[in-house]
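Thanks for making time this morning. I would like to take you through one model, starting from a single position and then stepping back to the chain and its partner.

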Amino acid sequence: MAVATPQPAGLLSGNSRRRARERVVHIIVAAAALTSILVSIGIVGSLLYRAVEFVAGLADPGAVDLAEARNGIGFSNLWSDKWAPRFFDFDVKTLLVGSLVVTVVAMAVAAPIGLGSAIYLSEYASDRVRKVVKPILEILAGIPSVVLGFFALRWIAPNVVGNVFDGADGQSLLAAGLGVGLLTIPLMASISEDAMRSVPRALRMASAGLGARKRTTTVSVVLPAAVSGLVAAGIVATSRAIGETMVVFLAAGASGNTALFTVNPLERGSTMTAAMASQASGTDGTISELGFGSLFFVGFVLFVITLTLNLIADRFVRRVREVY
Amino acid sequence: MAIAQPLLDKKTSERVKSQLETGGFNLAEGAFKWALIGTLVFALLVLTVLVYDVVVDGFPVFSDRLDTFMANPSRTRADETGIFQGLRGTFWIGVFVILLTFPIGIAAAIYLEEYATDNWLTRTININIRNLAGVPSVVYGILGLTIFVGILKGVYGDVALSRGNTTTAGGLTLAALALPVVIITSAEAIRAVPSSLREAAYGVGATKWEVIKSHILPYAAPGILTGTLLSLARALGEAAPLILVGAVQGKLGPRTGFFELQQLGEKFTAMPIVITDMAKQPGSEWQPVTAAAIVVLLLVVLTFNAAAVILRNRFERKRQG
């Protein structure tokens with residue numbers, strides 16, 4: 001064969017139309033990737049801007065109609081005994097504690113049941129069972145939260161909370177928490193199962209080879225090896241529970257965006273998310289600008305809390321990857 | 001090694017030893033297994049019974065007045081109300097997600113997997129996307145309320161008395177909410193494409209875009225489709241962000257046709273909002289209507305969800321086998 005004749009460099013770089021198209025595509029996909037940054041900037045920017053506006057409004061109420069404010073306007077309004085933006089009661093701890101109560105109840109349901117399901121699916125179930133059950137669980141994970149909200153309001157509240165604890169209609173933080181818990185089970189189960197499945201088979205073999213029973217292997221070998229993944233699952237589920245809105249909005253029983261401070265799950269209450277939703281849903285038509293601004297302040301607090309939790313979960317997930 | 005540590009502790013080795021010595025059936029062993037089965041059965045049972053219950057509750061509405069239920073707008077009487085406006089809003093939100101989120105999300109995934117070099121910008125985008133996926137949905141509502149509604153107030157200001165709380169604002173908000181899920185799952189699907197495929201295409205002189213278009217995207221298509229379907233299902237089921245954007249709870253004014261573009265600049269509602277509104281009504285006559293509306297929403301959302309899950313499992317099995 002003849003030796004290839006040397007080509008000028010221009011020919012090797014292809015035709016110019018192809019190169020132009022490459023450049024256009026590159027710019028388009030890079031712009032798409034930057035969109036996600038824009039979304040983040042939009043979220044953080046709008047939260048910060050309006051939250052700061054709210055705090056500034058507290059410091060300098062200006063033209064606010066002071067007749068509605070019981071004790072005037074100032075930072076002391078952030079710490080009273082109830083959340084009632086209409087009357088300038090912005091007691092942050094009411095909502096924080098409300099969120100905490102709902103989340104604790106939710107995790108008390110979701111953590112053991114989700115984890116138990118995950119252990120069974122990962123360690124005990126036959127391939128046939130897993131192939132049927134896992135997809136069902138994943139499909140159930142897609143049930144919209146408003147559906148669980150309806151369930152919590154119409155079934156859990158009267159039948160579980162109302163009957164057992166002798167309440168009137170059962171609308172309470174407990175009912176909301178139970179609903180959120182049910183909603184979170186599939187998520188908890190799914191992530192935990194993934195974490196346990198990623199534990200190398202050799203570890204189970206070694207344990208079985210030493211004569212350990214299945215339970216011993218599971219509890220003393222698999223669970224400790226998967227612990228960072230399981231912790232991550234717990235944190236992600238917690239973060240989801242804190243951020244869950246509709247179940248609490250429907251079933252926690254706070255009316256007109258007013259909630260008294262309470263640590264009792266059997267009482268009506270509100271959470272950060274539900275307070276935002278009821279503020280925005282305009283049940284409170286005569287609200288002042290300052291009162292409406294509280295929505296953004298609460299949103300900012302919620303954002304910081306969930307972001308922190310997600311970053312911690314991310315750390316744990318990466319630790320799993322590093323080990324194997 | 002850290003992993004083997006648990007086997008070395010004294011308690012465990014004693015337990016293993018006692019098991020070796022006793023042998024046979026072990027009560028604690030059986031109890032543990034059945035407790036696990038109990039948790040799984042509980043999880044499946046509660047959620048499936050919930051779905052079943054809603055179907056049974058809503059059935060009379062479908063058998064008595066399917067036509068008026070589907071075609072009527074929101075009314076103040078439970079036996080007259082319908083979900084027309086909710087369905088319409090949910091349809092248009094779906095259009096926004098499909099037309100905006102899918103192309104942008106897939107393009108972003110292509111950039112991250114095929115173009116981006118490992119520098120601070122890429123790392124920032126990656127971290128950013130993971131965090132966005134964990135932001136509560138109600139916070140996306142704030143984005144919609146402040147930015148989309150704010151901007152659209154100017155655009156549509158004179159056309160309707162919508163004050164910016166339009167179908168467009170709702171659609172854009174949920175399109176933003178669905179974006180991180182599409183990017184993450186598409187990027188995973190693209191990452192799973194064997195590099196031999198890429199190299200073979202480059203080897204015969206294809207350009208980067210040609211490789212992506214004719215090799216990577218077709219191979220990753222099932223994975224990408226799974227992610228897009230999951231994100232669509234999630235977006236259509238969301239209520240909280242729409243409440244913040246100002247979706248109408250209760251009666252909604254002018255009756256624009258299902259496919260008329262004019263409504264993009266008008267006030268809107270959507271299925272999850274209609275359900276929220278119905279659920280909040282006092283009186284037991286609202287229960288069947290609410291259940292019926294939930295069945296319609298579940299039908300849409302769970303169909304997309306199920307399609308995604310089945311699709312993924314089928315292709316995983318194929319590629320492994």
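Which residues does Gly269(A) touch, not counting residues up to four places away in sequence? Before I answer, please keep in mind that this is a predicted model, in which local features need pLDDT of at least 70, side-chain atom pairs count only at pLDDT 80 or more, and totals for chains, interfaces and linings use all residues. Residues are numbered from 1 along each chain as its sequence is written, while chains are lettered from A and ligands numbered from 1 in the order in which they are written.

Gly269(A) touches Gly98(A), Leu173(A), Ala252(A), Ala254(A), Ala259(A) and Thr262(A), where contact requires that the two C-beta atoms, placed from the backbone, lie within 7 Å. Gly269(A) sits in the loop between strand E3 (259–260) and helix H11 (272–280) of chain A, with helices (H or I, at least four residues) and strands (E, at least two) taken as DSSP runs numbered from the N terminus.

Is Gly269(A) buried or exposed? Gly269(A) is buried, because 31 other C-beta atoms lie within 10 Å, and the term buried asks for 20 or more within that distance, whereas exposed means 12 or fewer and partly exposed lies in between, again with C-beta atoms placed from the backbone.

Turning to the whole chain, 51% of the 324 residues of chain A count as buried, and its secondary structure comes to 12 helices and 3 strands.

Finally, the contact between the chains takes 78 residues from chain A and 78 residues from chain B, and helix H2 (residues 16–59) of chain A gives the most to chain A's side, with 20 residues.
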